[in-house]
Amino acid sequence: MKNKLLFFLIDGLGDVNIPQLDSKTPLQLARTPWLDTLAENGLNGLLDPVEPGLACGSDTAHLSILGYDPRIYYRGRGAFESMGAGLEMIPGDIAFKSNFAYLDKSSGIVVLRKADRNFEGLGPILCKAIDGVKLPSFPDHTVSVKYAIEHRCGVRVRGPGLTDTITGTDPLKDNNPLIYCKPTVDDEASKMTSKLTNELSDALYNILMEHPINKERIALGKNPANCVLLRGCGSCIDVPSIEQLHGLKSFLIAPTCIIAGIGTTVGMELLNVPGATGDYHTNFDAKAKACIENIRLDKYDFGFCHLKAVDDAGHDQDAEKKIYYLEKMDAMIGSIITNLRKDTDTNYTIIVTGDHTTPTLYGDHSCEPVPFCVSQVGPTKKSSSYIDSVKSFDEISAARGGLGRFCGDQVMAIAKTIMNIHK
């Protein structure tokens with residue numbers, strides 16, 4: 001009998017009680033019969049993706065959940081984003097997770113950190129224009145730019161003496177001054193890299209302001225996408241692969257560049273699923289089909305599927321949309337379970353959880369734990385040790401689960417215990 005693991009990570013899954021919705025969370029209100037079935041036939045709990053009280057990002061959360069302590073391995077978000085966008089990185093490179101923004105140069109104010117939410121048509125063209133930009137003060141360094149998704153791109157810098165111990169240029173909120181990049185460590189490499197970053201920021205602005213797209217936008221009374229905010233500087237990290245760490249051969253479905261970059265870093269095989277866009281328009285049926293087909297292959301025993309739209313709804317502060325996409329994801333997971341139940345030679349361990357809360361009341365990540373469920377699908381009779389009294393999948397019910405409250409670094413150990421893997 002084969003044992004396989006299928007992991008569904010719902011980005012921004014958790015929420016808080018909403019007064020206008022009878023003080024319930026979107027997950028409590030959503031109709032999720034399949035997630036409830038998993039909860040009723042499995043073990044449940046509350047997960048702090050990194051540690052209690054931390055409003056973590058998706059990058060550190062995924063590292064922690066996959067068994068990589070972010071306190072040791074995290075070197076900034078930029079490298080993951082850039083690798084996920086398709087930029088190869090080698091030791092010594094640095095990279096930024098970057099936004100196209102609108103900068104009022106006369107005042108130095110970043111008016112809009114996201115120049116335009118409908119950026120899919122503009123992004124690739126503008127990225128091509130700034131790819132390979134030259135920095136006169138740094139002739140030994142090269143710059144590569146690759147479009148990611150929405151208003152985002154990856155920016156990689158290659159050359160001697162670089163380090164990731166710098167601040168970046170992102171003010172983090174609209175209508176705040178562009179940040180002058182500074183070193184966070186008092187050494188020559190950090191000083192040089194911060195100087196390079198400031199010159200790069202200026203060079204990108206100069207090219208973008210002269211681009212026909214922005215001249216046309218200005219003529220139409222629209223704001224130009226004239227600034228690239230250089231965020232989360234990161235360097236290439238060297239880590240053991242998922243197979244080395246856990247003994248599992250894995251695939252990853254994650255159109256979102258930051259998650260794709262993490263998967264690439266830890267040796268997961270990234271699957272390209274047509275129609276899986278990582279936004280509201282993603283094709284859930286295509287993701288379901290890819291999960292079913294690949295988890296059944298002999299070359300994989302661990303599949304990881306990242307689901308994004310719920311997080312977007314949280315950031316957009318749209319509770320009804322969050323409920324809608326929770327129900328869409330429930331249906332997708334249900335179609336996968338229905339298919340896998342037909343297999344007579346494989347037991348599947350199914351995990352569903354989130355990487356952080358994104359409450360619609362706040363529109364940003366917060367520190368509450370997220371619901372966690374691990375259940376089994378397959379011909380072998382389930383052990384009563386792996387079933388608790390929880391009947392539905394939501395934040396409140398999960399608090400009564402048999403797993404209690406625990407941190408992300410325990411997730412893979414729990415999965416391997418249930419799968420009877422002792423690596």
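Modeller: Terms come before the pair. Axes are lines fitted to C-alpha atoms, for helices over the stretch in contact, and angles run from 0 to 180 degrees between N-to-C directions. Helices are DSSP runs of H or I with at least four residues, numbered from the N terminus. This is a predicted model, where local features need pLDDT of at least 70, side-chain atom pairs count only at pLDDT 80 or more, and totals for chains, interfaces and linings use all residues. Residues are numbered from 1 along each chain as its sequence is written, and side-chain values use heavy atoms, with hydrogens and water left out.

Now the pair. Helix α6 spans residues 123–130 and helix α7 spans residues 188–209. Their axes lie 10 Å apart, at an angle of about 120°. α6 and α7 are therefore oblique to each other. Here under 35 degrees is roughly parallel, over 145 roughly antiparallel, 65 to 115 roughly perpendicular, and the rest oblique. The crossing of α6 past α7 is right-handed: the near helix is turned clockwise from the far one by less than a right angle.

Next, the residues that meet. α6 brings Leu126, Ala129 and Ile130. From α7 come Leu204, Ile207 and Leu208. Contact means heavy atoms within 4.5 Å. By class, the α6 contact with α7 holds 6 nonpolar residues, no polar and no charged. Nonpolar covers Ala, Val, Leu, Ile, Met, Phe, Trp, Tyr, Cys and Pro; charged covers Asp, Glu, Lys and Arg; the others, Gly among them, are polar.

Notes
Helix = DSSP H or I, 4+ residues; strand = E, 2+ residues; numbered from the N terminus.
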